[in-house]
Amino acid sequence: MAKVPIWDLPDVPTGELPPHIQLQRTRVFCKSDAPTNTENIQYSGAYASMGVDNSLRLDQFRSNFKVEVMRLNEDDMEFDMIGIDPSIANAFRRILIAELPTMAIEKVLIANNTSVIQDEVLAHRLGLIPIKVDPRLFDYMSENDVPNEKNTIVFKLHVRCERGDARLTEKRRLTVVVLIFNWLTEWYFKMGMACHAVTSDELKWLPNGSEFLLATENSASNSTSKPKTYTSFSCSQDSLPQFSKNPITLKHPDIIIAKLGLGQEIELEAHVVKGMGKTHAKWSPVATAWYRMLPEAVLLQEIQDEKATELVQKCPTKVFDIEDVGKGKKRATVGRPRDCTLCRECIRGEGWENYVALRLTIESTGALPPEVLFTEAVKILEDKCER
């Protein structure tokens, strides 16, 4: 290669990066064997020779950062965070999983359990049932605090499997499957193996607190005093304005807790308190919270006719489409880049890397419960930064 004098080289534009360096700075390239440019350049003077300041400035971040909500419904939310570092997106994910408080069953008082499920397993299953209540309305309860209406919610469960149970005999007879189920139920009765499915809707909210009497030494001696229970409520929770029109319920009423045989019984109280996911997963408000860098599929050259058909068939998630350009010709286009899972089938094979490029843009997307959780996560991250 011939040497070129330094004064004959073209001038480097100041204030902006060359296109190929800008791509390396903002994209991760997925090759057929491995991704490249995965490192994140944090040094503020990395591009100082080209007149570009790589330091993080608040005014520049405010002008470039934006959030685009792609999907929002009652249970989940998907959004894009554009102009943000992946480490910050990961911070939101970790906060959502571990540091947002919720309400969950912590203490289970079992008076009777003759089912096949051990007490510890039953208590664990109860703890994972989601409670539909705003945790911001309750206080944390420490070891020295007395359970009261401001820090505790009490549910009661008392079920027994009897012959002729309405849950077993009044099933809707709409399909062949239900008829078979009813026939099997009757057979179980005859064999002494009747099954009663205990579901979460049988947990009843006790707004006045616990009904189980606290066993004390002098309880029998002083019969005129009010019997002590495991909670000390000064008022009924359903009399409070935040619960008078919005009673405390369970998120899903059809969760199976246990199955009882004939004559088996469960009687217990479940006490709900406020906590965070980093203490136990039952307090995590999200079933899943994840982020990924947004995939970008780029056609490096025009792909026509048989090659276009082959490309569409190579992609298992149907990212590419075929467009009719007239005169019996067709060409490949990128139709659904968000559906790309980076399986890299489209660039595998001889020469296909010259046609298609897969890139990951520095954006993030997450699936999580609705917008209130994300707003609370932003507040927690703000508090962390101030500390």
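**Close-up views of a predicted model**

Three cavities of 30 Å³ or more are counted in this structure. The model is predicted: local features need pLDDT of at least 70, side-chain atom pairs count only at pLDDT 80 or more, and totals for chains, interfaces and linings use all residues. Residues are numbered from 1 along each chain as its sequence is written, and side-chain values use heavy atoms, without hydrogens and water.

**View 1. The second largest cavity.** Its space is about 80 Å³. A cavity is a set of points, on a 1 Å grid over the protein atoms alone, where a 1.4 Å probe fits but cannot get out; lining residues have an atom within 4 Å of a point. The volume is the space filled by probe spheres set on the points. Of the 14 lining residues, Cys315, Val319, Cys340, Cys343 and Cys346 lie nearest the centre. The lining has 10 nonpolar residues, two polar and two charged (nonpolar: Ala, Val, Leu, Ile, Met, Phe, Trp, Tyr, Cys and Pro; charged: Asp, Glu, Lys and Arg; polar: the others, Gly among them).

View 2. Helices are DSSP runs (H or I, at least four residues), numbered from the N terminus. Buried here are Leu373, Phe374, Glu376, Ala377, Ile380 and Leu381 (buried: under 20% relative accessible area; exposed: over 50%; 1.4 Å probe, protein chains only). These residues cover an arc of only 160° around the axis, so they are on the same side of α9. The arc is taken from the directions from the helix axis to the C-beta atoms. Exposed Cys385 and Glu386 are on the face turned away from the buried side.

**View 3. Contacts of Glu265.** Buried Glu265 has a relative accessible area of 13%. Its side chain makes polar contacts with the side chains of Asn112 (3.2 Å) and His158 (2.6 Å). A polar contact is a pair of N or O atoms within 3.5 Å; within protein, one must be able to donate a hydrogen and the other to accept it, and residues adjacent in sequence count only if both atoms are side-chain atoms.

Notes: 1 Å grid on protein atoms, 1.4 Å probe; cavity = no way out; pocket = protein on both sides within 12 Å on 5 of 7 lines; lining within 4 Å. Helix = DSSP H or I, 4+ residues; strand = E, 2+ residues; numbered from the N terminus.
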